[in-house]
Amino acid sequence: MQLASPSAHAPPRLLLAACLHFAIASAPAAAQLETTAGASIFSEDGGPLSMTVIVPEVAADVQITSGFAVNAGWTADIVSGASVAVVDQPALTVDAISTASVSDVRHVVGGGVTLSDGQNTLAANYRYGFENDYRSHAFDVSARTELYDRNTAFEITYARSFDEICDVPEASEPALQPRMPNSDGCFDDADEDRVTRDLALHTFQAAWTQNWTAILSTQLTATALLLDGFQANPYRAVRIGRTAAQEYHPENRARYAVGLAGRLWIAPLSGAVQPALRVYRDTWDIRSLSAELAYEQTLFAGLRLRARGRYYTQNGAAFYSDDYVLAPVGSYFTGDRELSPMSSWLVGGQLSFNPESDDQGEVLGFLSSLQLLVKGDLLKSSFPHFHYDRAPVPNDLALVGSVGIIASF
Amino acid sequence: MRALLLLCAALLLGAGCATVRPEEKEFLADPAMSFTSGGMASRHEQHVLDNREGSSGAGTARGGGCGCN
């Protein structure tokens, strides 16, 4: 038997001490329950391609004491539509694009705990996502502190995800790998026509929020995301010669992003201008820039309107080609239009309503607060260097709509 | 790189000087000044963008406390 050295106990002791600190510092308080329920819809349509995703979500957050809260939730992606089966299959017109029907439901359940002493917060969460052809276990931990009269906030987050993707058995070389026709037999050990591939994700994020004056606040965020494992779409094939093969992506990818957002109060209008800028680069050589401008204002008695516009542009991945038969690029090949040079415009609006509380501090006689929210966005994308043979991308316009309600008891 | 680190250090040190007193935070406490307005709907939209663009990351984090009381 090997005895652990005293230093091996240091991290658990530190963690225990931190938990005790928050537990002792938190004053008993009446438990407060916040429930969230809502749904979003994503709809994209054009030619023979269509995709509709309905996303219901319910969540509950219980503040047990002033320094200790737990949360739990469920969400789902209900997907239906028709996606491209073979990219660059002969298709001179949009209607000739070869498609495969898509129908799946992804469930995500999870929960977490939050410890806080008012100025410092520790949080940990776990989520399990599953669908016919994909499974994911994800953990995240975050620490946050507020300094200088709470005008400065720092937050660091680490997230780890263990994903499994269903696929067909590996061929002797990528050019011979067929695409997976459907999800039948996935995660069934007895089915020899299906295998499971792994994907590991590490996410590191740091954020600095700063109040500079009574009307100006900024937030600087930096993210590093490291992926190791299977990152292709097993259903998608690319024509690379006489035959088509399942797309073949590198197994490693490091993605880096830095964002700067601001909030500037416009006193004469009693509203706030909200600009944001983000730059991105990854080891597949994609570089992107997104710029956003929003304006939010209270119209009257708890009714708020937010309008926004966003522009996004990126170059293509180092191994992207619009035609791998005539212009192959290295040993990898992809049919993912989001790895081609592209740009997009997004315009949208959001209405939220917080009814004012009565003299007893209650809303509708039994709630401590209530928020209703309606949101809609239109996303128009442009893929000038992506074609299905010679047919342009037909489904380049998407609508995203959401409704939600948050009630606190 | 060294210049960037020096700039970040200067900004961090400057942050301590840029103190807004609690009684001056009326506008900072307005929901329009929050970095996380939209909640669930914003998360769903970010999920869409992550799947419809070749990049992701550097999303919003929770803002600083109001400290108005």
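A:Glu292 pairs with A:Arg306 in a salt bridge whose closest N and O atoms are 3.7 Å apart; the term here covers a side-chain nitrogen of Lys or Arg within 4 Å of a carboxyl oxygen of Asp or Glu. Because A:Glu292 sits in strand β15 (residues 287-300) of chain A and A:Arg306 in strand β16 (residues 303-314) of chain A, the pair ties together parts that are 14 residues apart in sequence. Strands (E, at least two residues) and helices (H or I, at least four) are DSSP runs, numbered from the N terminus. Both A:Glu292 and A:Arg306 are buried, that is, under 20% relative accessible area, with exposed meaning over 50% and partly exposed the range in between (1.4 Å probe, protein chains only).

A word on the model: it is predicted, so local features need pLDDT of at least 70 and side-chain atom pairs count only at pLDDT 80 or more, while totals for chains, interfaces and linings use all residues. Residues are numbered from 1 along each chain as its sequence is written, chains are lettered from A and ligands numbered from 1 in the order in which they are written, and side-chain values use heavy atoms, with hydrogens and water left out.

Back to the charges. Side chains of opposite charge can pair when their charged atoms come close. A:Asp377 and A:Lys375 do this at 2.7 Å, N to O. A:Asp377 is buried at a relative accessible area of 3%, and A:Lys375 counts as buried at 6%. Through shared partners, salt bridges link A:Glu292, A:Glu296, A:Arg304, A:Arg306, A:Arg308, A:Lys375, A:Asp377 and B:Glu45 into one network. Over all chains, the structure holds 28 salt bridges.

Now for the interface. Here 80 residues of chain A are in contact (heavy atoms within 4.5 Å) with 45 residues of chain B. The buried area between chain A and chain B comes to about 4900 Å², with carbon and sulfur atoms giving 56% of it; this is the accessible area (1.4 Å probe) that two parts lose on being put together, summed over both. Five salt bridges are found across this interface. One of the salt bridges joins A:Glu57 to B:Arg43, with the closest N and O atoms 2.5 Å apart. On the chain A side that touches chain B, strand β13 (residues 252-266) gives the most, with ten residues. That side of chain A divides into 30 nonpolar, 27 polar and 23 charged residues, where Ala, Val, Leu, Ile, Met, Phe, Trp, Tyr, Cys and Pro count as nonpolar, Asp, Glu, Lys and Arg as charged, and the others, Gly among them, as polar.

B:Arg52 and A:Glu44 also meet in a salt bridge, at 2.9 Å, N to O. This pair crosses between chains, from helix α2 (residues 39-52) of chain B to strand β1 (residues 32-46) of chain A. B:Arg52 counts as buried at 16% relative accessibility, and A:Glu44 does at 4%.

As for nonpolar packing, the largest nonpolar core has 23 residues, and A:Val84, A:Ala317, A:Phe319, A:Tyr324, A:Leu339, A:Phe386 and A:Tyr388 touch the most other members. Such a core is a set of buried Ala, Val, Leu, Ile, Met, Phe, Trp, Tyr and Cys residues joined through side-chain atoms within 4.5 Å. A second, separate core of ten residues includes A:Val53, A:Val55, A:Leu346 and B:Val48.
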